[in-house]
Amino acid sequence: MKKTYLFTPGPTQIPPDVVLAEASPMIHHRTSEFSDIFANVSEDLKYIFQTNDGEVFTFASSGTGGMEACVVNSLSRGDKAVVVRGGKFGERWAQLCETFGVTVVSVDVENGKAVDPDVLNDTIQREKEVKAVFATLSETSTGVVHNIEAIAKVVKGHNLLLVVDAISGIGVHPLMMDAWGIDIAVTGSQKGCMLPPGLAFVCVAKSAWGAIEKSDLPKYYWNFKKMQKALSNRTTAYTPAISLIMAAGKALAMIREEGIENVWSRHAKLANATREGVKALGLELFAGDASGNVLTSVKAPEGVNIDAGIKKLRDETGVTITGGQDELKGKIFRIGHMGYVNEFDIVLAISAVEKILYENGYKMELGKGVSRVQEILVG
Ligand SMILES: *Cc1c(COP(=O)(O)O)cnc(C)c1O
């Protein structure tokens with residue numbers, strides 16, 4: 001008998017009511033029934049991006065499709081963009097820009113560290129004619145959360161466009177579209193939104209439209225102007241992922257009911273308990289003080305084949321945590337705690353980590369991490 005528990009950095013666990021909503025009988029999308037659902041979802045999405053003035057477009061794609069849409073709608077041939085690159089997803093912004101012939105200037109940040117806004121400021125000042133800055137709220141490959149508010153201050157100081165990958169950060173950390181002056185932000189359904197993979201949500205502020213109007217990069221499906229026109233008619237330009245949008249109606253209503261501030265503080269509390277639990281086992285956080293509340297990245301202890309341990313745990317028990325990617329493979333492991341997660345999920349996740357380490361000969365006292373988690377959560 002196997003039971004599945006996802007503590008991965010996406011996809012994440014889904015509430016049963018959301019699963020049921022997704023399984024509703026199919027309806028046609030050019031109907032008032034669909035339009036009512038879609039209009040509600042679009043309003044609730046504005047709430048999670050904390051915007052009144054902006055609009056949120058829903059694409060049928062993974063998060064990366066939404067990222068591509070951001071690039072092709074905001075830039076033009078020959079533009080220069082500054083990219084904050086502190087891991088796999090910062091790297092993705094750079095690759096997307098290069099794919100479309102945009103000149104990329106990278107602000108390289110060491111894995112496990114957050115970007116220094118002064119370094120970003122110096123880079124913008126040194127480079128002439130930068131058009132936009134691409135940043136990441138939560139760098140899922142390292143567990144780091146960047147200070148988007150401070151980044152936005154720098155970018156606005158130069159009157160440039162700010163585009164933020166908030167794919168794993170939304171619904172976990174505050175992202176204040178209007179208050180911070182972010183021009184475009186993107187998220188995907190399978191992270192903090194408690195939904196299956198398959199939708200990308202792109203929030204576009206009024207301030208972005210000047211650049212969008214001028215943008216001449218090639219696009220057809222990913223066209224913000226077409227999406228805006230359709231949204232004003234309470235629909236999408238092409239056939240929407242109807243079942244996922246019905247599920248989104250339920251998941252976003254749950255977030256509204258809990259209150260976004262409470263959602264943020266729940267994640268802060270659970271992330272803190274996770275960090276304390278792994279530290280009680282004598283382990284070290286990979287991202288140190290820059291660790292966010294989306295996931296906890298931990299240095300794998302010497303002599304433990306962490307990837308084999310993770311695989312064995314998953315195959316035998318259904319509990320899934322993840323290792324590192326690319327150059328971090330075998331060096332770190334990551335415990336995701338975003339979305340539909342409560343305190344006993346953290347107890348379970350830490351007990352699973354204990355099992356992996358114990359079985360692999362790591363010197364430790366069983367229950368020490370779990371008991372620290374309990375202490376934090378009860379206290
Ligand atoms: C998951 C993730 C992505 C990629 O999303 P896909 O849905 O896999 O395309 C991009 N950026 C960040 C920060 C992510 O966490």
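A polar side-chain atom of S62 is placed 2.6 Å from an oxygen atom of the ligand, a polar contact being a pair of N or O atoms within 3.5 Å; within protein, one atom must be able to donate a hydrogen and the other to accept it, and residues adjacent in sequence count only if both atoms are side-chain atoms. The model is predicted, with local features requiring pLDDT of at least 70 and side-chain atom pairs counted only at pLDDT 80 or more, whereas totals for chains, interfaces and linings use all residues. Residues are numbered from 1 along each chain as its sequence is written, and side-chain values use heavy atoms, with hydrogens and water left out.

Q190 contributes a polar side-chain atom at 2.7 Å from a ligand oxygen atom, while G63 contributes a polar backbone atom, 2.8 Å from an oxygen atom of the ligand. On its own the ligand has 380 Å² of accessible area, of which the protein covers 89%; accessible areas come from the Shrake-Rupley method with a 1.4 Å probe, and for residues only the protein chains shown count as cover.

The shell around the ligand holds 13 residues, of which S62, T64, T140, D165 and K191 come nearest; a residue is near a molecule or strand if one of its heavy atoms lies within 4 Å of it. By class, the shell comprises 7 polar, 3 nonpolar and 3 charged residues. In this division Ala, Val, Leu, Ile, Met, Phe, Trp, Tyr, Cys and Pro count as nonpolar, Asp, Glu, Lys and Arg as charged, and the others, Gly among them, as polar. At least two shell residues are supplied by each of α3 (63–74) and α4 (88–99), and α3 provides the largest share, 3 residues. Helices (H or I, at least four residues) and strands (E, at least two) are DSSP runs, numbered from the N terminus.

Helix packing was examined next. The axes of α13 (residues 343–359) and α14 (residues 368–378) come within 8 Å and cross at roughly 160°, where axes are lines fitted to C-alpha atoms, for helices over the stretch in contact, and angles run from 0 to 180 degrees between N-to-C directions. The two helices, α13 and α14, are therefore roughly antiparallel; angles under 35 degrees count as roughly parallel, over 145 as roughly antiparallel, 65 to 115 as roughly perpendicular and the rest as oblique. Helix α11 (residues 260–280) and α13 have axes that come within 10 Å and cross at roughly 20°, so α11 is roughly parallel to α13. Helices α2 (residues 32–48) and α10 (residues 242–258) pack at about 45° with their axes 9 Å apart, and α2 is therefore oblique to α10.

Backbone geometry was also inspected in the loops. Most residues other than glycine have a negative phi, and most peptide bonds are trans. G10 and P11 are joined by a cis peptide bond with omega of about -5°, and P11 belongs to the loop between β1 (5–6) and α1 (16–22). Q50, which is not a glycine, has a positive phi of about 55° and is found in the loop between α2 and β2 (55–60). E129 likewise shows a positive phi, near 60°, in the loop between α5 (117–126) and β5 (132–136).
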